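Student: I would like to learn how to read a protein model, one feature at a time. Could you take me through a few of them with care?

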Amino acid sequence: MQQKDQSYKPDHVNYRDRIVSLRRHNADRMVGESTGWTMDARGDESLYKPSQLGRSSCSLRRVAAGVDQPFTLTFIAGPRGLGQGAQLLFWMPGQGSLGTMPQTVDQNLPGYVELETDSTARLETVCASGQHYDLTELPSNSALGRQEVFDVSNISLGFKVVAGELEDGATVKLHIGRKSGFVWKCLAGRKEFKVLIRPAPDAPAMRLPEPVRIDIDPLAADHLDVFLPGSAAPGTPIRAAVLVRDMHDNRVACQGPATLVVGDREYQTFLQQGRAELILAPMGTSLLQASASVPELGLSGQSNCCVPAEGLQLFFGDMHTHDMNSTAEGFPSDCYAWARDDKRLDFQSLPVQVHRWIDNEKWALVKHFNEYFLEEGRFVTFLAFEWQHSSCGDKVVHYLGGDQPYLPVDDQRYDNPGKLYAALKNSDAFIISHHPGYALDLHVPGTRWEVLDPALDRMVELWSMHGSSEGFDPLDRPVLPPRRPGGVYEAFMARRTYALTGARIALEFKVNGACMGAEIALADKREILIKAHAPGVIRELQLLRNTEIVHSTCPQDNDVELSWQESLAQPAFYHCRVIQADGHLAVSSPVWVG
């Protein structure tokens, strides 16, 4: 039936008159990004019928964290079929998001992929090769000491139609790990394969309407996390949290009663989804520490120390995490919620990491989530991006405020550190340089110290997934400010910070009364004060002058206080290291004298 021409009445609103142009910092850049490895960049926007493409599934809907369990991905072609030259990919962002990387090189190695089909079409397996970082191959002069190989690639696995046609109803199976196993990632969470179809080499990429979802589940309950604030002013109510974890540190979603003991007071609470929160009596003038138990699970745990403090307070946070907007995984909301609710951090930075151009829309999304999770007095967020230069190193730029621009390294205005520093001096920004222990001739180099601008480069990162530039393993970073964006920013700019490998050690370090991070006038007499309160036994406390140990003590206790003096006419800088018996440590920022 032929449709007759219609005469439509015009819309009574002229929307063109309502256009408000936004001033974009990178107004001349095209939509998209140069890498194509993150978020939705692998799909083109076009009008098509996903219902005609087919459907896909996985033999596993759920799998336990860290187990060896092969699996099969299946695609059944739809009415549209797939002709010669067509390609289908099961694609997942991240860095080794499933654990083992699928591969087609050696059937005797884990993750080997086998293709099976009932179609007469000739198919060819497509499997992107993983990029591996082998820290054992670092130069001998590198400060990084971990011996480990890890994958940094997304997963891109599928097939190409070499000859013939994959007709309606034809089935293709990809068996992964059937011959030599497949060990799943230890990190629990939701994993999604986007199923991408390119009907012809020059055709727009299309996607099936539903991703293939696999949930990695936690294992059985193994231990408790018990958290108190790092410090509190006397008279302030104390918020405590108890969480149930498996052996891989995933939260275990269990229910049941729990008991918290603080001094001579006992509190009863109830776990919901493996988590309980309660308000304790107001802070007194003595150090506070709590122990928790869950009798039904046979588990107990001890908290970090909460230090009584007036004025400056101690907060814990993480200034370098990534999500699906970078070459990592997880929705932004999951990453922020994990830091705030699961790890009870006080502040977080979630920088976008693609190093080069991203479009305004993605940066707008980054800004939105940064401000959405900002809650003054509870959880402080920093808008940030990671800038990488192949000879000057990685720098994570952090802003005070949620409406600043993204400055990519492939923009001529910011393509070297000097230009970047010049631009950032017009903002409230600070930089934390990444993995400074790497050699300078790597694609991901270490820090080139001679080009740093100390007015902006206020700190360097000691620990990350890339290893240790100090010699140990990674995690949290704490600071001492009021818990609001301006207060945390002020503390970072003043370098009132120290680095942690995970254990929440409370640390105070002063030289002639000046806090860590300070630069003070030359004085012949140096009076140094160190106070540390650790959740575990302190094996050793080290005091260093110009990176050389000048004094050490082995307290074999959870608490230590050291007063130390020396007379010296020359300028020097001092810092300290606190080492627990289990290897966790804290490293203070220096104090520069003279």
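**Strands, a buried residue and a cavity**

Tutor: In strand 10, Phe71 has Ile176 as its bridge partner. Residues are numbered from 1 along each chain as its sequence is written. The model is a predicted one, in which local features need pLDDT of at least 70 and side-chain atom pairs count only at pLDDT 80 or more, while totals for chains, interfaces and linings use all residues, and side-chain values use heavy atoms, with hydrogens and water left out.

Student: How many bridges join strand 3 to strand 10?

Tutor: Helices (H or I, at least four residues) and strands (E, at least two) are DSSP runs, numbered from the N terminus, and two strands pair if DSSP finds at least two bridges between them. Here strand 3 (residues 71-77) and strand 10 (residues 171-176) run antiparallel and are joined by six bridges.

Student: In which order do the four strands of the open sheet lie?

Tutor: The order is 1-3-10-5, with antiparallel pairing. Strand 1 (54-58) and strand 5 (113-117) each have a single partner strand and stand at the edges, so one side of each is left without a neighbour in the sheet.

Student: Is Asp457 buried or exposed?

Tutor: Buried means under 20% relative accessible area, exposed over 50%, and partly exposed in between, with a 1.4 Å probe and protein chains only. Asp457 has a relative accessible area of 8%, so this residue is buried; its place is in strand 28 (residues 457-460).

Student: Which residues does Asp457 touch?

Tutor: Contact means heavy atoms within 4.5 Å. Leaving out residues up to four places away in sequence, Asp457 touches Lys395, Tyr421, Ile431, Ser433 and Leu452.

Student: Where are the buried residues of helix 4?

Tutor: Helix 4 covers residues 485-493, and Pro485, Gly487, Val488, Tyr489, Ala491 and Phe492 are buried there. Just after helix 4, Arg495 takes a positive phi of about 60°.

Student: Which residues line the largest cavity?

Tutor: On a 1 Å grid over the protein atoms alone, a cavity is a set of points where a 1.4 Å probe fits but cannot get out, and lining residues have an atom within 4 Å of a point. The lining of the largest cavity includes Asp323, Tyr336, Leu350 and Phe369. Helix 1 (332-342) and helix 2 (360-372) are the elements that give two or more residues to this lining, and helix 2 provides the largest share, four residues.

Definitions and conventions:
On a 1 Å grid over the protein atoms alone, a cavity is a set of points where a 1.4 Å probe fits but cannot get out, and a pocket is an open set with protein on both sides within 12 Å along at least five of seven lines; lining residues have an atom within 4 Å of a point.
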